[in-house]
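Dear colleague,

I am handing over the structure below, and my notes on what was found in it follow directly after.

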Amino acid sequence: MTDQLLHQLNLSPAVEQIADALLHTDIPHRLTDAEALTLMREAPISLLGTLAVARKRQVSGDNVYYNRNIHIEPTNICVFKCRFCSYRRGAGEPDAWYHDLDAVERLAAERQGEPITEVHIVGGVHPNHDLDYYCEMIRRVKRALPHVVVKAYTAVELHYIIRKAGLSLEEGLRKLQEAGMEAIPGGGAEIFDPTIRQQICPEKPNAEEWLATHEAAHRLGISTNCTILYGHIEQYEHRIDHLHRLRELQDRTHGFDAFIPLKYRNLHNSMSAIGEVSLPEDMKMMALSRLYLDNIPHIKAYWPMLGIGATELALSFGADDIDGTIDDTTKIYSMAGAEEQRPRLTTERMEQLVRSAGFVPVERDTFYRPVVRNN
């Protein structure tokens, strides 16, 4: 973007100064919280997209990543009752499900011979499960699919079962690691601000406990993702505070591979009256994530949550990953009203989506290493 074009956008002096710093400094400019807030409130969305794509190209060039994965969701029975959640059920309630260890192993075994590289395991925090159960579940999946990476359990699940076992976070995570867990997804972060968290998920582990779980994982060499749940009762300041805490942890550990902005979906939960934020607001959040989180290499547009059209658009706002094939194996967002009620994409469709946005599709493994296949 040229200085002349910046001038033509008729930007406020503050926004123009920030944009100039992001585009024209030899050393990448790290946004302050105040600058991030100014961009969210005042910057034209076209400028945010331009700045975010420029930053994305510095990190991953023209590449946009996807993987071949499936989800296993052992249960939606959960001890917590988060107000935003459309997925959770109590035992015996309609639409509750529970897959025991044999059933989980069968679900994995059904995928033998398929070219998937990752099994993603998350679910409700079942009151009867313990650490040994979680370890055995991983061993069963690895027994059925020894070649895949098991990315398993949110920090909320992990904190609950490790505390229940009376172990330190590192002791519990080491047991899971020895069972075959190689990576951790980013769910359960929601919003870190304690006032907002008290209103939407008061029973859940707090921000410090979520962050401590991921920091312990990073110390053990376990890579993780991180998330935010935006678009409900929080304000811009709360989003930026959330990103700030993630960036600080990443400065210390360098253990986060990707950040995923997760949009609040309002169907079938106790916060439904709030509604949902607009598509431009989704793109603004995507762009800010790329610009603010300068030390997290990948920003993911999670297509089952955003929808396919919005995911393609997100590639013009700094995203460089669209997740995986999934093959209709997750219900978390479909139960909350996402447009993708049967989330499944072929690799051909994913590559077409990326090319349509002007980028180069790259199949990756869990750790963003390119996967080379012999056709």
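Glu 93 is found in the loop between β1 (63-72) and α5 (101-109), where helices (H or I, at least four residues) and strands (E, at least two) are DSSP runs, numbered from the N terminus. With a relative accessible area of 38%, Glu 93 is partly exposed; buried means under 20% relative accessible area, exposed over 50%, and partly exposed in between, for a 1.4 Å probe and protein chains only. Glu 93 and Ile 77 are 16 residues apart in sequence, and their C-alpha atoms are 8.9 Å apart in space.

Please keep in mind that this is a predicted model, in which local features need pLDDT of at least 70 and side-chain atom pairs count only at pLDDT 80 or more, while totals for chains, interfaces and linings use all residues. Residues are numbered from 1 along each chain as its sequence is written, and side-chain values use heavy atoms, with hydrogens and water left out.

Next, the core. The largest nonpolar core has 113 residues, of which Tyr 153, Leu 173 and Leu 176 touch the most other members; such a core is a set of buried Ala, Val, Leu, Ile, Met, Phe, Trp, Tyr and Cys residues joined through side-chain atoms within 4.5 Å. Helix α6 (residues 131-144) gives the most to this core, namely eight residues. Leaving aside neighbours within four places in sequence, Tyr 153 is in contact (heavy atoms within 4.5 Å) with residues including Tyr 134, Met 137, Ile 138, Leu 176 and Pro 185.

Two helix pairs share α11. Two packed helices are described by the angle between their axes and the distance between the axes. Helix α10 (residues 207-219) packs against helix α11 (residues 236-253) at an angle of about 25°, with the axes 11 Å apart; here axes are lines fitted to C-alpha atoms, for helices over the stretch in contact, and angles run from 0 to 180 degrees between N-to-C directions. The two helices α10 and α11 are therefore roughly parallel to each other, the classes being roughly parallel under 35 degrees, roughly antiparallel over 145, roughly perpendicular from 65 to 115, and oblique for the rest. Their contact involves, among others, Trp 210, Leu 211 and His 214 in α10 and Leu 246, Leu 249 and Arg 252 in α11. By class, the residues of the contact of α10 with α11 divide into five nonpolar, three polar and four charged, where Ala, Val, Leu, Ile, Met, Phe, Trp, Tyr, Cys and Pro count as nonpolar, Asp, Glu, Lys and Arg as charged, and the others, Gly among them, as polar.

For α11 and helix α12 (residues 279-292), the packing angle is about 30° and the axes are 11 Å apart, and α11 and α12 are therefore roughly parallel to each other. The contact of α11 with α12 has six nonpolar, one polar and four charged residues.

Finally, the backbone. Most residues other than glycine have a negative phi. His 254, in the loop between α11 and β6 (256-263), has a positive phi near 55°, and with a relative accessible area of 58% His 254 is exposed. Asp 323, found in strand β8 (residues 321-326), has a positive phi of about 70° although it is not a glycine, and at 5% relative accessibility Asp 323 counts as buried.

With best wishes
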